[in-house]
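Here are a few friendly notes on the charged side-chain pairs, to read alongside the model. Please have the structure open as you go through the points.

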Amino acid sequence: MMSLTVAPGSRPLRRAVPPAGRRTESPVVELNVGGEFFTTTLGTLRKLPDSKLAEMFSSSTKACMDAEGRFFINRCGAYFGPILEYLRSGQLPTQHIPEVYREAQYYEIKPLIKLLEDMPQIFGEQVARKQFLLQVPGYSENLELMVRLARAEAVAVRCSRVLVCLVQNEKDDANCAEALRSLEAKKRSVVKFGPWKAALDISDLLDCMNMDIKAQGYQVHYSHNSPLPAKVSEYFYTFSFSWW
């Protein structure tokens with residue numbers, strides 16, 4: 001009998017020796033991917049030799065097995081099916097594209113990654129929106145600061161409010177300087193975005209901020225009600241985080 005090398009105490013994958021004259025078939029294997037069960041062949045799993053998935057099932061790799069002798073992969077199994085179907089037939093997924101894209105990246109299924117990046121859902125996120133946000137210095141750091149401020153104020157209150165200042169250029173920055181100093185003197189926290197050089201629409205930036213905070217699981221909305229004088233109020237927005 002022949003077997004893959006496996007971890008001590010685990011069961012090896014058995015390859016049946018075919019009768020003389022019969023064509024050798026790729027061994028059938030059972031998988032447990034995060035509690036979801038799949039049946040396929042080694043040939044399918046090794047279809048792309050340079051992928052991480054193929055490496056997992058190479059003869060030199062030690063395998064992790066579950067109690068029933070299935071190969072165990074410690075990933076969410078909900079989106080492994082489309083990965084497997086692509087390897088079997090070349091069929092592309094039609095649902096849950098971002099999630100399948102994330103799993104394809106993990107397993108390093110490069111041809112599928114490229115095809116998914118051409119789909120509108122991934123193209124829009126990876127090429128259009130992310131490139132847009134790269135023009136805003138400190139965008140991710142400022143979002144993290146907004147969340148920290150909101151959480152810090154969430155003691156015995158239903159809603160936390162975070163004031164943000166959006167300045168597109170140096171002129172806007174100068175116009176807001178006095179108002180920002182006044183807020184600082186009053187110990188009022190403000191998260192400032194900008195200035196930036198690209199021609200970004202503020203409404204698009206606000207929508208991105210709202211989208212990215214909601215993606216973290218927070219209930220949030222923004223409004224243009226500023227406690228500041230009218231001459232600078234156009235630069236200030238309030239993000240409200242609801243806790244219950």
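**Notes on the salt bridges**

1. Let me begin with Arg88, which is partly exposed at a relative accessible area of 40%. This is a predicted model, so please read each value below as computed from it. The salt-bridge partner of Arg88 is Glu85, with 3.8 Å between the closest N and O atoms. Glu85 is partly exposed too, its relative accessible area being 28%. Helix α3 (residues 80-89) holds both Arg88 and Glu85, and the two sit three residues apart, about one turn of the helix.

2. A salt bridge also joins the side chains of Arg129 and Asp212, at 2.6 Å from N to O. Arg129 belongs to helix α6 (residues 120-133) and Asp212 to helix α9 (residues 202-214), so this pair ties together parts 83 residues apart in sequence. Arg129 and Asp212 are both buried.

3. Next, have a look at Lys192 and Asp173, a salt bridge whose closest N and O atoms are 2.6 Å apart.

4. Which residues are linked in a network of salt bridges? They are Glu30, Asp66 and Arg70.

5. For the overall tally, the count of salt bridges comes to nine.

Note on methods:
Residues numbered from 1 in each chain as written. Predicted model: local features only at pLDDT ≥ 70, side-chain atom pairs only at ≥ 80, totals over all residues. Heavy atoms only, no water. Salt bridge = Lys/Arg side-chain N within 4 Å of Asp/Glu carboxyl O. Helix = DSSP H or I, 4+ residues; strand = E, 2+ residues; numbered from the N terminus. Buried < 20%, exposed > 50% of the residue type's maximum accessible area, 1.4 Å probe, protein only.
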